[in-house]
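Let's talk through the charged pairs in this one. Have the sequence and the coordinates open while you read.

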Amino acid sequence: MHPKLLAFLKALGFIALYFVFGIFFSYFKHLFPPQFERYAQGILGTIGVLMTVFIFLRVEKKTLKDYGLNWESTSLKKFSLGLGLGIVLALVMMLSQVFYSGLEVSLNESAQLPSFLFWVCAFIPLAYMEEVAFRSYPMIQLNRAFGLRITQVILAILFAVYHMMMGWDTQIALLGPGIWAWAYALTAISSGGIALPTGLHFGLNAVQAFLGGKKGMEPIWNLDYPADVSEAAMLANENYGIGIQIVLLIVSVAATEWYIRRKKTTEGNVYYG
């Protein structure tokens with residue numbers, strides 16, 4: 001079998017097995033109280049992806065370090081750096097849209113910060129399981145076989161399709177996870193592991209929950225249109241949001257090209273880490 005095809009099938013097999021475990025463990029979510037759904041999904045999904053890792057480790061006789069999953073003294077620092085980066089990026093993107101569109105921002109008086117912080121931490125295992133599933137073994141296999149450019153495209157498509165299979169709208173999956181996948185992969189490959197992209201992923205979700213909220217979660221600040229908003233204004237706001245995502249894609253592609261050129265200059269090839 002051609003090495004590139006084999007690498008692609010291995011990466012796809014890893015993600016597929018994780019997805020199968022996810023479906024299997026989803027049947028156990030009823031063991032958790034309804035309000036703990038996100039924690040249940042994150043914990044059970046993490047178990048599923050770690051089982052996938054264990055199986056591939058045994059089959060290929062590799063170690064966690066080979067997959068960029070080993071704990072290092074710098075892991076917490078990288079996670080914190082990614083968290084800060086995610087918070088800053090999300091705030092810049094969301095607040096620029098607020099200023100552009102005239103969305104009204106109001107404090108949610110019924111929200112309580114300690115409660116919010118508890119529930120928002122559910123995004124940590126959710127982010128971790130997806131980073132392991134897409135930015136560990138699969139990315140390493142694809143990057144070694146195809147190089148980073150093609151790897152970015154393949155993983156972005158797979159990440160978007162994965163979210164579609166989870167019930168996401170096609171456009172939202174492509175413009176959201178499909179574009180953010182570029183940033184997650186680049187931070188993973190440049191830092192040599194998943195700690196930094198996990199922090200980035202969590203920071204993005206935390207800000208989205210803080211401003212406007214995520215499904216089934218009370219935000220600290222509400223975002224809403226004024227009562228007299230026109231359809232044209234709402235359409236303009238939607239187009240602006242799409243524009244922000246396109247800018248993120250352009251920046252991520254440019255950063256990927258810069259990274260590739262820098263690595264070729266110093267090492268002659270582009271590998272993980």
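This is a predicted model: local features need pLDDT of at least 70, side-chain atom pairs count only at pLDDT 80 or more; totals for chains, interfaces and linings use all residues.

Residues are numbered from 1 along each chain as its sequence is written, and side-chain values use heavy atoms, with hydrogens and water left out.

Q: How many salt bridges does a search of the whole structure find?
A: Side chains of opposite charge can pair when their charged atoms come close. Here a salt bridge means a side-chain nitrogen of Lys or Arg within 4 Å of a carboxyl oxygen of Asp or Glu. Searching the whole structure on that basis gives five.

Q: Is Glu-131 buried or exposed?
A: Glu-131 pairs with Arg-135, with the closest N and O atoms 2.8 Å apart. The cut-offs are under 20% relative accessible area for buried, over 50% for exposed, and partly exposed in between (1.4 Å probe, protein chains only). Glu-131 comes out at 0%, so it is buried.

Q: How far apart are the closest N and O atoms of Lys-29 and Glu-37?
A: Lys-29 is partly exposed, at 29% relative accessible area. Glu-37 is partly exposed too, at 47%. Their salt bridge has its closest N and O atoms at 3.9 Å.
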